[in-house]
Amino acid sequence: MNPFTFEQAADASAAIRLANGAAAARYLGGGTNLVDLMRETVEQPDMLIDVTHLPGDIEPRDDGSLLVGAAAKNTALAAHPDVRSTFPLLTRAILAGASAQIRNMATIGGNILQRTRCRYFYDNAAHCNKRQQGAGCDAQEGFNRYHAILGASPACIATHPSDMCVALAALDAKIHLEGAADGPANQRILPLLDLHRLPGDRPDVETELLPNELITAIEIPPLAFARRSTYRKVRDRASYAFALVSVAAALDIDENGLVRDARLALGGVAQKPWRALKAEEALRGQLAGPESFRAAAEAELASAVGLRDNKFKIELAKRTIVAVLNELKGEGE
C-alpha cells in the first residue's frame with residue numbers, strides 16, 4: 001500500500017478544500033470498498049479525507065419526500081420507520097446488499113460510488129480498460145458469468161454492484177453535490193439516473209462527478225404507490241453475494257385491474273443501475289397479469305446481449321421481472 005496522509009473534515013467545504021490541495025485525494029466514508037481497492041493497489045490516493053462527520057440525518061418531509069445526508073449509515077436508512085413504510089423496496093435492497101457488519105460501517109454516499117467488483121478490475125495482472133485506459137478487457141473472453149447484458153461495450157462489460165442504487169433508480173432519487181467553485185454555483189442536484197455512465201470507449205470514467213465533487217445528500221421524491229413495492233435479488237448463494245439479476249419494482253393498479261403506473265429498475269445487468277423505462281411504458285394501461293408482465297419484460301430485454309457465461313441472465317431477468325410484478329399484484333388483491 002502506498003503512503004498517504006489522513007485528514008478529517010468538519011464540513012463539506014473543508015473536505016473539498018483538502019481534496020483540491022492534494023494530487024490524488026479520496027473521500028473516505030465507511031471504507032468498505034475503498035480500503036479493499038487500496039490493498040489491491042487499484043486505488044493509490046495520496047490523501048484520505050474522512051467525511052463521516054458530515055451530516056447523516058434522515059429527514060422525512062411533509063410532501064412525502066425524504067432527504068438523507070450522505071454520511072448516514074446503510075443500517076440507519078434501512079431501519080428508518082418512514083423508509084420501511086413508504087419505500088419498502090429501499091429497505092429490502094439495502095438488507096440484501098451486505099452483512100450487518102458492513103451495513104453498520106457503509107455510508108449512503110459511499111454506497112452510491114462503490115466501484116465494480118469485476119475480478120479482472122481487481123487483478124493487476126489482468127487487462128482492464130476501467131483500471132487502465134486502452135489496456136484491453138480480459139473479461140470479454142474470460143469468466144463473465146456476472147457481467148453485463150445491457151449497455152455494455154467492447155471496452156468493458158463490468159456491472160455496478162450496488163443494490164441500494166437499483167432501488168434509488170426506481171424511485172427517481174436525486175443526488176445533492178457540492179464542488180469547488182465559490183458561491184452558489186458550487187452546489188447542484190443531479191438525478192441518480194444521470195450520475196453513473198455507461199462504458200462506451202471510456203469505462204475508466206464512471207460518473208458525471210466533477211473533480212473532487214462531493215455527494216452531500218440524496219433526495220427521494222414522493223411516490224404514493226411506492227408503498228406497494230419490493231426488491232428481489234437473485235444470486236448464486238443464499239448468503240451475501242453480488243446479484244446475477246435484481247429487480248426493484250413499485251406497481252400502481254386501478255380498480256379495474258389496469259396498470260396505472262409502474263417503476264422498474266434492474267441490477268446486475270449493466271455498468272449502472274438500469275431503469276427499465278421500456279418495460280414501464282409497456283405496462284401502463286395494460287391489464288395487470290402474467291401476459292402483460294411478460295410482454296413488458298420482453299420489451300426491456302430485447303436489446304440484451306449475452307456472452308458465453310452469462311447468456312442465461314437474459315431469461316433470468318425476464319422471469320424475475322414477471323415474478324416480482326406478480327408478487328406486487330397479489331399484494332393488492
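Let me start with Asp172, which is partly exposed, with a relative accessible area of 31%. Partly exposed here means between the two cut-offs: buried is under 20% relative accessible area and exposed is over 50%, with a 1.4 Å probe and protein chains only. Asp172 sits in the loop between α9 and β6 (174-178). Its phi is near 60°, a positive value in a residue other than glycine.

Some ground rules. This is a predicted model, where local features need pLDDT of at least 70 and side-chain atom pairs count only at pLDDT 80 or more, while totals for chains, interfaces and linings use all residues. Residues are numbered from 1 along each chain as its sequence is written, and side-chain values use heavy atoms, with hydrogens and water left out. Helices (H or I, at least four residues) and strands (E, at least two) are DSSP runs, numbered from the N terminus.

Asn212 also has a positive phi, about 65°, although it is not a glycine. It is in the loop between α10 (192-195) and β8 (214-220). At 25% relative accessibility, Asn212 counts as partly exposed.

Now the core. A nonpolar core is a set of buried Ala, Val, Leu, Ile, Met, Phe, Trp, Tyr and Cys residues joined through side-chain atoms within 4.5 Å. The largest one has 40 residues. Leu77, Leu90, Ile112 and Leu168 have the most contacts inside it. Which helix gives the most to this core? Helix α9 (residues 164-170), with seven residues. Another core lies apart from it, with 30 residues, among them Ala249, Ile253, Leu266 and Leu328. As background, nonpolar side chains in soluble globular proteins tend to be buried together.

Look at Leu77. Contact means heavy atoms within 4.5 Å. Leaving aside neighbours within four places in sequence, Leu77 contacts Ile58, Leu66, Val68, Val83, Leu90, Ile94, Ile108 and Met164.

On to helix α5 (residues 88-97), which holds Gly97. Leu95 is partly exposed at 37% relative accessibility, and Gly97 is partly exposed at 30%. Not counting residues up to four places away in sequence, Gly97 touches Asp163, Lys233 and Tyr240. With its neighbours within four places left aside, Leu95 is in contact with Ala78, Arg103 and Tyr240. Take Pro199 as a reference point. Its C-alpha is 23 Å from that of Gly97, 102 residues apart along the chain. For Leu95 the C-alpha separation is 28 Å, at 104 residues apart.

Cysteines next. How many disulfides are there? A disulfide is a pair of cysteine sulfur atoms within 2.5 Å, and the count comes to zero. Cys156 is in no disulfide; the nearest cysteine sulfur, in Cys137, is 5.7 Å away. Cys156 is buried, at 6% relative accessibility.

Last, the second largest pocket. It holds about 400 Å³ of space. Of its 23 lining residues, Arg117, Cys118, Tyr146, Thr159 and Phe242 are the closest to its centre. A pocket, on a 1 Å grid over the protein atoms alone, is an open set of points where a 1.4 Å probe fits, with protein on both sides within 12 Å along at least five of seven lines; lining residues have an atom within 4 Å of a point. The volume is the space filled by probe spheres set on the points. The lining divides into 10 nonpolar, eight polar and five charged residues. Here Asp, Glu, Lys and Arg count as charged, Ala, Val, Leu, Ile, Met, Phe, Trp, Tyr, Cys and Pro as nonpolar, and the others, Gly among them, as polar.
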